[in-house]
Amino acid sequence: MIVLNLLCRHDHRFEGWFASVDVFERQQQDGMVACPVCNSDEVSRLPSGPRVISSGRDVAAGESQAAVQAELLEALKAHVRDSENVGQRFPEEARKIHYREAPARNIRGVASLDETKDLLDEGIFVLPLPVPPSDETH
Ligand SMILES: [Zn+2]
């Protein structure tokens, strides 16, 4: 799993997570990579090199992709477990935290595409998770 810094034609910078650079290039050619802010699929890679996601250590070249993905999934699950589930109040809570009206903490919840766009427009960082975690603990 790698993180690429991407730029759409409206100068929105965002990060995209891909299995590999090849996968990104294929999806880019197919118009499947879209800006989360304006939905433009005219997306280019910023020159910075890809960052490999790992939990606190560098992933040695040659380490199997499956191991890296499993590790990423574990990290995501841990993040979700440690966050407070605010459900439908997610946009409201994210905004309160951003404007320091509520204590800073990790939250998760539900937001529509429009709500997510509004939050991003206000400079509030939200990370859409592709798959809901299967082992809910709350
Ligand atoms: Zn954009």
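Residues are numbered from 1 along each chain as its sequence is written. Because the model is predicted, local features need a pLDDT of at least 70 and side-chain atom pairs count only at pLDDT 80 or more, whereas totals for chains, interfaces and linings use all residues.

The average pLDDT of the protein is 81, and 80% of the residues score at least 70; pLDDT is the predictor's confidence in each residue, from 0 to 100. Confidence is highest in strand 3, at a mean of 93, and lowest in strand 4 (residues 51-52), at 68. The secondary structure comprises four helices and six strands, where helices (H or I, at least four residues) and strands (E, at least two) are DSSP runs numbered from the N terminus. The order of the elements from the N terminus is β-β-α-β-β-α-β-α-β-α. Among contacts with a separation of 6 or more, 44% are between residues 24 or more positions apart; two residues are in contact if their C-beta atoms, placed from the backbone, lie within 7 Å.

Strand 1 (residues 2-8) pairs with two other strands, pairing being assigned if DSSP finds at least two bridges between the strands. Six bridges connect strand 1 to strand 2 (residues 13-18) in the antiparallel sense, with leucine 4 opposite glycine 16. The hairpin formed by these strands has four residues between them, and aspartate 11 there adopts a positive phi near 65°. Strand 3 (residues 43-45) also runs antiparallel to strand 1, over three bridges, and serine 44 of strand 3 is the bridge partner of leucine 7.

Of the 138 residues, 9% are buried. A residue is buried if 20 or more other C-beta atoms lie within 10 Å of its own, exposed if 12 or fewer, and partly exposed in between, with C-beta atoms placed from the backbone. The largest nonpolar core has seven residues, namely Leu4, Leu6, Cys8, Phe24, Val33, Cys35 and Val43; such a core is a set of buried Ala, Val, Leu, Ile, Met, Phe, Trp, Tyr and Cys residues joined through C-beta atoms within 7 Å. Strand 1 supplies the largest share of this core, three residues. In a regular strand the side chains alternate between the two faces of the sheet. Leaving aside residues up to four places away in sequence, leucine 6 is in contact with Phe14, Glu15, Gly16, Val43, Arg45 and Leu46.

A parallel pairing joins strand 5 and strand 6 over three bridges, and isoleucine 107 in strand 6 is the bridge partner of glutamate 84. The chain passes from strand 5 through helix 3 to strand 6 in a right-handed β-α-β crossover, meaning that, with the strands pointing away from the viewer, the path from the first strand over the helix to the second runs clockwise. Within helix 3 (residues 90-98), Phe90, Pro91 and Ala94 are buried. These residues lie on the same side of helix 3 because they cover an arc of only 100° around the axis, the arc being that of the directions from the helix axis to the C-beta atoms. The buried residues of helix 3 pack against strand 5 (84-87), strand 6 (107-109) and helix 4 (113-121). Arginine 100, which follows helix 3, has a positive phi near 60°.

Aspartate 121 belongs to helix 4. Aspartate 121 is exposed because 11 other C-beta atoms lie within 10 Å. Its C-alpha is 9.9 Å from that of histidine 12, although aspartate 121 and histidine 12 are 109 residues apart in sequence.
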